[in-house]
Amino acid sequence: MPTGQAQIGEALVATPPPGPVAGTDYPRSRPEFEEFFPHEDACAAYLERLSWPDGFVCPACGVVGEPWRGSRRRLVCRRCQQTSVTAGTIFQGTRTPLAHWFEAAWLIATAEHGVSARHLQHHLGLASYETAWAMLHRYRRAMVRSGRPRLSGTVEVTTAAFGGRLATTVAVAVEERDGGEPGRVRMQRVPGTRPDDLAAFAVWSVEPGTLVRTGRLDAAERLAERGYRTPPHGDDGRSRSGLTRAQDVVARLHRWLDATHSGAVSPDQLDWYLDEFTFRFNRRRATHRGLLFYRLLEEAVVTPPLPYRSVTAPPPFSR
């Protein structure tokens, strides 16, 4: 019988591959983290394992097989060219030791509310605040999982203002779960609060056919045009159901920005922080913080390089 299949009656049912194992694929504690990564070569070997779990595959020509190993952790394809464990990742071109990158990832994953750039600078002993700030932003971009599914079922969608006098509008979508708890969330800066802004955000974040609650009659038509269902509204034009889950998430986001980052977040950079909050919120029930570390690095090796000028440039409204 082929590997990965189990026979049930006369049908063959594919079994999912095993997930990462605590203590083998990722550290479970701070002491185990230090045992996993005692030096730079251990960090590089871990990135290689994440990049090519089934063995090296040349990213240029696709040849499979053990590469030649050069200095400075270069991997040389036996057919065409050289590469490295950091090429094509958020670590490409970095002058910061991988040990610092791994320490930052561990802090991000294990600190309940995350870390600020100032705290990371002091913790790692970095001479430059900008280096710590850019590291965190690159990790935040990796927190947006590639190919992640849109929300479904029943979803609450609302907008909120952030940033005081120069307020920026953020759209928030929250899945409804039994028991009143919010499920997964999606967030994004939007140009404003018009029905078209809300509908465009729904297309980005919510599967068509989903029941979308906005509390706004003026947005219902735009949502219907894009294939969404909306609840009935009363004579006053308001939805008969509140948006308690979405409002709860907005309140939590405000508290997190104030507590961890002292509210000092530029409107142009807000999307990066929304990515981190989403990553944390959607994994708030994780029992192993080390698994969050694993997932963060797993995404970091498939996230394209991000030059510093791209980190400092304001992202577009639609990504």
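**Structural briefing**

By class, the lining of the largest pocket comprises four nonpolar, two polar and seven charged residues. Here Ala, Val, Leu, Ile, Met, Phe, Trp, Tyr, Cys and Pro count as nonpolar, Asp, Glu, Lys and Arg as charged, and the others, Gly among them, as polar. The model is predicted: local features need pLDDT of at least 70 and side-chain atom pairs count only at pLDDT 80 or more, while totals for chains, interfaces and linings use all residues. Residues are numbered from 1 along each chain as its sequence is written, and side-chain values use heavy atoms, with hydrogens and water left out.

**Overall composition**

- The protein chain has 11 helices and nine strands; these are DSSP runs numbered from the N terminus, with helices being H or I of at least four residues and strands E of at least two.
- Of the 319 residues in the protein chain, 44% are buried (under 20% relative accessible area; exposed is over 50% and partly exposed in between, with a 1.4 Å probe and protein chains only).
- Among contacts (heavy atoms within 4.5 Å) in the protein chain with a separation of 6 or more, 59% come from residues 24 or more positions apart.

**The largest pocket**

- The largest pocket holds about 340 Å³ of space, a volume being the space filled by probe spheres set on grid points joined across faces, edges and corners.
- A pocket is an open set of points on a 1 Å grid over the protein atoms alone, where a 1.4 Å probe fits, with protein on both sides within 12 Å along at least five of seven lines; lining residues have an atom within 4 Å of a point.
- Its lining has 13 residues, and Glu112, His113, Arg252, Trp256 and Phe277 lie nearest the centre of the pocket.
- Helix 8 (244-261) and helix 9 (270-282) are the elements that give two or more residues to this lining.
- Helix 8 provides the largest share, five residues.

- Three antiparallel bridges link strand 4 (residues 74-76) with strand 5, and Leu75 has Thr83 of strand 5 as its bridge partner.
- Gln81 sits in the loop between strand 4 and strand 5 and is partly exposed, at a relative accessible area of 37%.
- Not counting residues up to four places away in sequence, Gln81 touches Ala60, Leu75 and Val76.

- Strand 7 and strand 8 form a hairpin with five residues between them, and Gly179 in the turn has a positive phi of about 90°.
- Six bridges join these antiparallel strands, and Ala173 is paired with Arg186 of strand 8.
- Seven of the eight residues of strand 8 are buried, so this strand is largely enclosed by the rest of the structure.
- Buried residues of helix 6 (residues 195-205) include Leu198 and Phe201.
- The buried residues of helix 6 pack against strand 6 (154-162), strand 7 (168-176), strand 8 (182-189) and helix 7 (217-225).

**Thr303**

- Thr303 lies in the loop between helix 10 (289-300) and helix 11 (308-312).
- Thr303 counts as buried because its relative accessibility is 9%.
- A polar atom of the Thr303 side chain is 2.7 Å from the backbone oxygen of Glu299.
- Leaving aside neighbours within four places in sequence, Thr303 is in contact with Gly88, Thr89, Ile90, Arg141 and Ala142.

Definitions and conventions: A polar contact is a pair of N or O atoms within 3.5 Å; within protein, one must be able to donate a hydrogen and the other to accept it, and residues adjacent in sequence count only if both atoms are side-chain atoms. Two strands pair if DSSP finds at least two bridges between them.
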